[in-house]
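Please look over the notes below with the model open beside you.

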Amino acid sequence: MNGGASKAVHKLKQLLLTTATNTAECRSLLRHYAKTKSLTNTKQLHARILSSGLLTSNNSLHISSLLTSTYALCGHISYARLLFDELPNPTSRLFSVMIKMFTQFGLAFDAIMLFLEMLGSGGVRIDKLTYPFVIKACGDSMRVRAGGVVHGMVVVNGFVGDLFVGNSLLAMYMNCGMKERARRFFDGMGERSVVSWNTMISGYVQNGSAKDALMVFKEMVDGGVEVDLVTLISVLPACGYLKDYEVAKLVHLLADEKGLGSKLRVRNALVDVYVKCGRVDEARIIFDDMNVRDVVTWTTMINGVILNGDFGSALDLFPMMLLDGVKPNAFTLACLLSACVGSQHLKCGKGFHGWAMRHKLESDVNVETALIDMYAKCTCVHLSFTVFGKTSKKRLVPWNAILSGCVRNGLKREAVVLFNEMLSVGIGPNEATLKSLLPAYSTLANLQQGKNLHSYLVKSGFLRRVEVATALVDLYSKCGNLDDAYMIFDGIPSSDKDIILWSVVIAGYGMHGHGETALTLFNQMVQSGVAPNEVTFTSALHACSHAGLVDEGLSLFKFMLKIQKSIPKADHYTCIVDLLGRAGRLEEAYELIRTMPFQPNHAVWGALLGACVIHENVELGEMAADWLFKLEPGNTGNYVLLGKIYSAAGRWEDAENIRYKMNEIGLIKSPSNSLVEVRNM
């Protein structure tokens, strides 16, 4: 305790022992307690003031105002508000103190309402100390229209040139996502401080405009503005987001030049940016060179290693972290659980689950979600349900995790049932929900469920998002409802149609035998400026194969070789072999296989064998079958197909030998099965 504080305590003790209280001394102590934020001493002095009768004296209003201000500055919201409401005419300064208190404690709406009360009180002058906190409250509560009104008042009252007020307006517009308005205001500022530049950089990063953040940083450096610690930790995430290693290195050098490179927050940001740029070795050098590492350092390193796919190294960091005396937090644990992928890591994942329970972290939403996801990835979805059953069911993230886990483990119907349950308890989905769920609907190919989902997506507004619309096009296509699939596709603006959407609609028409339509769509895509990828070519070639469009398919294959300037993949060769085979051009198909630039796989030979069955070509069928017996010896289908070729050619002895061979090696033909969905039962 310093000398000033000791003296204040001594005064308080004297005050409490005397029967009469000196007003001047009370004022002095209240100011001191406000400055030191001594809530306990303020309460004791308040009790003495009440018992002494000072609040009934001529100076009671001034004492009450000071008490209110002191409680506000000490963060005791309820006492401050109670005393404030009893004051007949609060001063401008007291209004400002109260608004500041509400803003600092996250009560933005209360701060704005008190400002309106201040405006309506009349006779109270609003100064430049009040506006920044009101503006911050508007930004924190995303009330950009209210912020715009306050901005207008700032201009009218002549405070727009004040740097503190100006920086508050910049932050408010950025918090509300109004990047353009923030930039216009920034450009018009007569005076800028490093805070102004930092606000623009961090605001752009916050709003996903990393390139703009780097542009502002470049302007700042080129303009000779002195960067500080906040500048560096604001711009480095932009480099990480863009994976811009070169700029990250320049920022690193600048940090060292300014003597800020050894700061813990800068070091943490450097570790983060290097791992996001895929430079784990450089991140590890900085990490190992740090004398002091906090939970952020360790979590960043663990998460970075995981992002680069090295799960084993991430798990090895956990005991090292404990030995370093750093206790993992909920986010650290969530990162570690995400590294437990597959049954080989199940024991480790269960160990982290136990650690979370011992340290009272299992109820944290990040840990809950990570546990649900971990068990699902380790094919223990029943344990995912156990964890999910203990959650509050009022947060979306655990629902997303269990839905994703069900789909990953083939429990498509269970996922749909869970989704309906989620909606029934009032939890609305987000894009992550639909990204996990829509593949389940597509796999089930249930038209009625698809229409119900379509209706929901229209009402909720999600259908405007191209990823969601793409999934719905895929669903309708797999249900055979091409009209509705095309209607959704056609309703998306041309500028928003990406390669994935084009590929899905082309595949939909192709799988149902509408090869000419699929090719027309392919040509429209190319003409619109969207370059086809491997998946698109596969879809278009499949369409040609199913529709028997041999020449068109061969032309497309040549076009692929021309614009891709790379070797086609096995899927593309399989499509062409299938196309030629269906048309009876078996020798051409075999010649294509023979001249392939890489070893043909089982799918290529399988396409040829299937064509040989159709056209009863024994010689090529035997050749294809011999390769297939080597590539997939356990596949009974290949033996059955060769047997069919022999039977069709009247070579009954060879067909019987195939059956004997299957028996000798213990192969049994898998029985067929079908699925019928029964409704209204």
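1. Gly278 follows H16 and has a positive phi, near 80 degrees. Helices (H or I, at least four residues) are DSSP runs, numbered from the N terminus.

2. A word on the basis. This is a predicted model, in which local features need pLDDT of at least 70 and side-chain atom pairs count only at pLDDT 80 or more, while totals for chains, interfaces and linings use all residues. Residues are numbered from 1 along each chain as its sequence is written, and side-chain values use heavy atoms, with hydrogens and water left out.

3. Now H16 itself, residues 264-276. The expected span is 1.5 Å times one less than the number of residues. For the 13 residues of H16 that gives 18 Å, and the end C-alpha atoms are 18 Å apart, so the two agree. Its buried residues (under 20% relative accessible area, 1.4 Å probe, protein chains only) include Val266, Arg267, Asn268 and Tyr274. Among the elements covering them are H14 (229-242), H15 (245-257), H17 (280-289) and H18.

4. How do H18 and H20 cross? The axes of H18 (residues 295-307) and H20 (residues 330-338) come within 9 Å and cross at roughly 20 degrees. Axes are lines fitted to C-alpha atoms over the stretch in contact, with angles from 0 to 180 degrees between N-to-C directions. H18 and H20 are therefore roughly parallel (angles under 35 degrees). In contact (heavy atoms within 4.5 Å), Val295, Thr299, Ile302, Asn303 and Ile306 of H18 meet Phe331, Thr332, Cys335, Leu336 and Ser338 of H20. These contact residues divide into 6 nonpolar, 4 polar and no charged. Nonpolar covers Ala, Val, Leu, Ile, Met, Phe, Trp, Tyr, Cys and Pro; charged covers Asp, Glu, Lys and Arg; the others, Gly among them, are polar.

5. Next, H23 (residues 381-389) and H24. Their axes come within 10 Å and cross at roughly 165 degrees. That makes H23 roughly antiparallel to H24 (angles over 145 degrees). Val381, Ser384, Phe385 and Phe388 in H23 meet Pro398, Trp399, Ile402, Gly405 and Cys406 in H24.

6. Last, Leu396. Is Leu396 buried or exposed? Leu396 is buried, at a relative accessible area of 17%. This residue lies in H24 (residues 396-408). Beyond its neighbours within four places in sequence, Leu396 contacts Met422, Ile427, Gly428, Pro429, Asn430 and Thr433. Ser494 is 98 residues away in sequence and 33 Å away in space, C-alpha to C-alpha.

Note on methods
Helices (H or I, at least four residues) and strands (E, at least two) are DSSP runs, numbered from the N terminus. Buried means under 20% relative accessible area, exposed over 50%, partly exposed in between (1.4 Å probe, protein chains only). Angles under 35 degrees count as roughly parallel, over 145 as roughly antiparallel, 65 to 115 as roughly perpendicular and the rest as oblique.
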